[in-house]
There are 2 protein chains.
Amino acid sequence: VSESTTSELLEQFRRGDRRACGRVMSAVEAETDDAGRLLDALFPLTGRAWRIGVTGPPGAGKSTLVAGLAGAFRRTQRTVGIVAVDPTSPFTGGAVLGDRVRMTELFTDSGVFIRSMATRGSMGGLAVRTREVCDVLDAFGQDIIIVETVGVGQMELDVVDAVHSTVVVLVPESGDAIQTLKAGLMEIGDLFCVNKSDREGADRMVMEIEGMLELRPRSDPWVPPVLKTVATAGAGMEELVRVLGSHYEHLVKSQRMLERRIQSIRQEMRRLFDERVIQLAWASDDVSLLFDGLCQEVMAGRSTPYRAAERLMEQIRGAISKGVI
Amino acid sequence: VSESTTSELLEQFRRGDRRACGRVMSAVEAETDDAGRLLDALFPLTGRAWRIGVTGPPGAGKSTLVAGLAGAFRRTQRTVGIVAVDPTSPFTGGAVLGDRVRMTELFTDSGVFIRSMATRGSMGGLAVRTREVCDVLDAFGQDIIIVETVGVGQMELDVVDAVHSTVVVLVPESGDAIQTLKAGLMEIGDLFCVNKSDREGADRMVMEIEGMLELRPRSDPWVPPVLKTVATAGAGMEELVRVLGSHYEHLVKSQRMLERRIQSIRQEMRRLFDERVIQLAWASDDVSLLFDGLCQEVMAGRSTPYRAAERLMEQIRGAISKGVI
C-alpha cells in the first residue's frame, strides 16, 4: 500500500466516511503492512469511548440485549459501535432470521457501526485485534463501544481486559450457569443480568448469584448489581442502562478510568516493543541457521529445547558483543 | 527449590512414583523456578504418547465419552493420562454426582492418571501449560493422553494444536451445533461423534455434518468419519476406538506423526528463545526508566505507543552497539 493511499484513507476516515472506517478496521484485522501506521495516526483520537463488554453462554440472549442497549444509548443521542467476537451472534451472521429482523433498525442507523470479528486463529491474537478494532471505532468518534463475546468456561479474559464495564448475561434455566460462574465469569462481571427472567427460576438464580458475589474477594467498593431482563420485550433495559451509567460514574470518580487508560497504554507499548525485539533477534541469518541445526540435534536426542534455547542466547550475546546486531 | 530436592523428585518420578508425577505437574502448572529444569530433564523421555483431544459444547457428554475411551484403552493394557481443561468437566470437579460415581473405576486405577487444569489466566498461557502437563504424563510413560477441552464458538485452537487426533463431540438437539461447527470446530475434527444418538435427530445431524465436511478444504487424504455414540451406555465406543486407531495408523504412515513432532519441537524452541530475548531486552534499568518516561509522554499526548516502541528500540540498538548488553 502506497504512502499516498494510506494518507487518503486517513483523510477520508477523519472526515467521518463510514467506508473508510470499515477499510481501516479491515486493515487492522488482516494485520496488513500499513495497519501499524494507521493505528499510530489514529491513536491521538482514541481514549474517549466508553467500552462495554457483554458476555455469557450461548443462548443467553446476549445479542438481543446488545441490540436493546444500543437502541437505548441511541435514544440519548450517543453514537454506538458494536464489535461481535461471538461467532454465534446474529451480528456475525450466526443467528436465526428473527433476530436479524429485529436488528434491522440498528443496521440502517448511521449512528451505529457494527463490526464482526473473524474468530479464527489464536485467542491472544484475537484479543489484540479486537482491542485495535475498538480503538478504530473510538477514533471514529463512537461514544460507546459494545463488545459481545461468548463466555463458556474458559472466558475470553483477554478481551474483557479491553473494556471498562463488563455485563455477564445468564438465563434462569442454565443449571450449568453456576458451574460457568465458578469457572471464571464471577470474577469479571461488573453487573449481572438474568435474562429471559419471565421464565421459572429467575428469582432463585438472582439469589444464587448474589450469594456467590458475597464470597467474591473485593478490591473495589463497587458491588455488582444483579438485574432481571427480558431483552426480547425490552423489559429491564432502562434499569440496565441506568445501572451501567452508575458504573461509569464510579469508574471516573474512583480514578479507575484513568488507571485503566495508563495500564492499557503500558501494555500496548510493551507488546509493540517485545514484538520488535524478537524481530531483531531473528534478523540475522546466523540465528536461523543455528536454530535449524539445533532443531536437528534435539530431534536426534542429543539436546533438549531448553538447552537449544540457551545456545541460541549465547549466539545472540556473542553477536551483541561483536556489534553484529 | 534446592538442586538436591529437584534431583530427588526426578529420581522418584523416573521410578514411577505417582506422587512425584503429581508434584512435577504442579510445578509445571504453577510455573515455579525449577519447572524449566524439570521439563528439560524429562524431555528425552517424551515423544512416545499418542495424544487425543476431545472437544465440543458443554453438555455434549465429553467427560463420559472420555471415561469410556479411557476404559476401552485400559482393556488393551495401555496406560492412560487424562487432562481436563474443561472447567465443567467432572474430572475438574465440575459435574453432577452421577458422573463421578461412574468414573470411580478410573480414579482408582493405577494405570490411569487424571489431571485437571486450573483454567484461569490467559488462553495462550493455558495452552502452553496444558502441553507441558501432557509432556510430563508422556515422560511418566502414559501410552495415551486424552485432553478434554470445552469448545464453544472460539475453540481452544492452541490446545488442539498440541494433540495428534481430535474428536469433536456433538448432540442431536444442539441446533447451535451447526453454528458451532461453522465457527471453527469443523476444521479441527479428525473424527466427529454425534453423542446421545438415541435421541431424535441423530441421523439428520450425521448427514448435516457429512455435508459440511464435503465442503471442507482438504490438505490431507484422511476423510473425518462421523460416528454415533451413546457414551453413558457404552454404545459405539468400540467403533470409536477402532476408527481412532485408523487415524493413528494414518498419522504414522503418512509421516504426519513425525512432522508434528518436528513442528512441536521447533515451536517450543522458538517460544523459549523469544522469552529469553525479551528478558534480556528488559534487563537494563535504562530501558525500564525510558519506558516509564515514554509512557508519560504518550499519556500527555506528545507521543504514541508506536513511536514510543521505536524509541525503545533505538535505546536497545544503542546499548548493543556500545556493548552494554
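These notebook entries record what I looked up in a predicted model.

**Entry 1. Chain A overall**

I began with the composition of chain A and found 14 helices and 7 strands. Of its 325 residues, 56% are buried. I then looked up the accessible surface of chain A, which comes to about 14300 Å², with 49% of that area belonging to carbon and sulfur atoms. For contacts in chain A between residues at least 6 apart in sequence, I noted that 74% join residues at least 24 apart.

**Entry 2. The sheet of chain A**

In what order do the strands of the open sheet in chain A lie? I read the order as 3-2-4-1-5-6-7, with parallel pairing across 7 strands. Strand 3 (112-116) and strand 7 (226-228) of chain A are the edge strands, each pairing on one side only. From one strand to the next, the twist averages 20°.

I recalled that strands of a sheet pair through backbone hydrogen bonds, either parallel or antiparallel.

I next turned to helix 10 (residues 202-215) of chain A, which lies across strand 5 (165-170), strand 6 (191-194) and strand 7 of chain A. Helix 10 of chain A runs at about 170° to strand 7 of chain A.

**Entry 3. The nonpolar core**

Which residues have the most contacts inside the largest nonpolar core? The core has 100 residues, and I listed Phe13(A), Val83(A) and Phe273(A), together with Phe13(B), Val83(B) and Phe273(B). In soluble globular proteins, nonpolar side chains tend to be buried together.

**Entry 4. Asp220 of chain B**

I located Asp220(B) in the loop between helix 10 (202-215) and strand 7 (226-228) of chain B. Is Asp220(B) buried or exposed? I recorded it as buried, because its relative accessibility is 18% and the cut-off for burial is under 20%.

I then asked which residues Asp220(B) contacts beyond its neighbours within four places in sequence. They are His250(B) and Arg256(B). The side chains of Asp220(B) and His250(B) are joined by a polar contact of 2.9 Å. A polar atom of the Asp220(B) side chain also lies 3.0 Å from the backbone nitrogen of Trp222(B).

Note on methods
Residues are numbered from 1 along each chain as its sequence is written. Chains are lettered from A and ligands numbered from 1 in the order in which they are written. This is a predicted model: local features need pLDDT of at least 70, side-chain atom pairs count only at pLDDT 80 or more; totals for chains, interfaces and linings use all residues. Side-chain values use heavy atoms; hydrogens and water are left out. Helices (H or I, at least four residues) and strands (E, at least two) are DSSP runs, numbered from the N terminus. Buried means under 20% relative accessible area, exposed over 50%, partly exposed in between (1.4 Å probe, protein chains only). A polar contact is a pair of N or O atoms within 3.5 Å; within protein, one must be able to donate a hydrogen and the other to accept it, and residues adjacent in sequence count only if both atoms are side-chain atoms. Contact means heavy atoms within 4.5 Å. Accessible areas come from the Shrake-Rupley method with a 1.4 Å probe; for residues, only the protein chains shown count as cover. Two strands pair if DSSP finds at least two bridges between them. Axes are lines fitted to C-alpha atoms, for helices over the stretch in contact, and angles run from 0 to 180 degrees between N-to-C directions. A nonpolar core is a set of buried Ala, Val, Leu, Ile, Met, Phe, Trp, Tyr and Cys residues joined through side-chain atoms within 4.5 Å.
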